[in-house]
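Here are my notes on the model below.

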Amino acid sequence: MPLILETIVTTRSAEGRLHLVPFGLIREDDGATVLAPFRPSPTIQNLAVNPVFAVSSPRDVRVIAGAVTGRRDWPVLPCARIDGARLADSFGHAEFEVEAVEDDATRPRYRGRLVHEAAHAPFLGYNRAQGAVLEAAILSTRLHMLEPEKILSEMRYLAIAVSKTAGPREREAWNWIEDKVAAAIGPGARVLDKPGAA
């Protein structure tokens with residue numbers, strides 16, 4: 001069974017525009033690294049003209065929450081070996097060249113060949129609120145697929161960790177996600193605004 005790592009992936013368009021997006025990077029059993037975006041996707045368009053991508057592990061969970069709520073303007077730095085950029089505030093990053101493409105009408109798979117990787121900061125672990133924000137961010141990308149009660153049930157559970165262990169960054173990230181969920185379901189979807197709800 002493949003391992004899926006929640007990361008920030010960056011690609012560059014033919015005009016040089018950077019696209020930054022959270023992605024579940026797939027590590028296959030044979031050690032292969034695979035990027036599998038759903039169509040339509042700017043990532044797919046960018047890889048067609050510039051078949052390289054960078055993967056970063058963000059130190060600030062707001063980057064993931066921000067990217068799924070329309071906040072994609074995060075500081076980046078040039079990559080070392082590919083024509084691209086990586087997240088500046090990261091525990092580490094890796095750079096890949098696409099070595100094979102498995103085309104698909106729904107979700108093509110891009111097999112990456114590692115050309116560079118580097119560590120930038122020690123990783124001491126995530127707290128529960130950071131994990132909850134990550135899960136809520138993923139949940140917020142599935143609002144069109146899930147029933148409202150399912151979404152609310154998951155958000156209520158995740159809010160427990162946020163209410164107990166979040167710092168200012170995690171609280172801000174959580175609020176962005178709750179805004180998105182509330183816009184889709186209704187203002188009653190906000191969990192942490194309700195005393196005793198979490």
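1. Terms. A nonpolar core here is a set of buried Ala, Val, Leu, Ile, Met, Phe, Trp, Tyr and Cys residues joined through side-chain atoms within 4.5 Å. Buried means under 20% relative accessible area, with a 1.4 Å probe and protein chains only. This is a predicted model: local features need pLDDT of at least 70, side-chain atom pairs count only at pLDDT 80 or more, and totals for chains, interfaces and linings use all residues. Residues are numbered from 1 along each chain as its sequence is written, and side-chain values use heavy atoms, without hydrogens and water.

2. Main core. The largest nonpolar core has 30 residues. L20, V133, M155, W174, I177 and V181 have the most contacts inside it. Two or more residues come from each of α2 (62–68), α3 (128–140), α4 (148–165) and α5 (168–185); helices are DSSP runs (H or I, at least four residues), strands likewise (E, at least two), numbered from the N terminus. α4 gives the most, with 7 residues.

3. Apart from it lies another core, of 13 residues, including V9, F53, V55 and F96.

4. Helix α3. Its buried residues include A129, V133 and L139. The buried residues of α3 pack against α2, α4 and α5, contact meaning heavy atoms within 4.5 Å.

5. Strands. β1 (residues 3–12) and β2 (residues 18–27) pair in the antiparallel sense over 10 bridges; pairing requires at least two DSSP bridges. E6 has G24 as its bridge partner in β2. In the hairpin, G16 takes a positive phi near 95 degrees. β1 also runs antiparallel to β4 (residues 52–58), joined by 3 bridges. T10 stands opposite A54 in β4.

Methods: Buried < 20%, exposed > 50% of the residue type's maximum accessible area, 1.4 Å probe, protein only.
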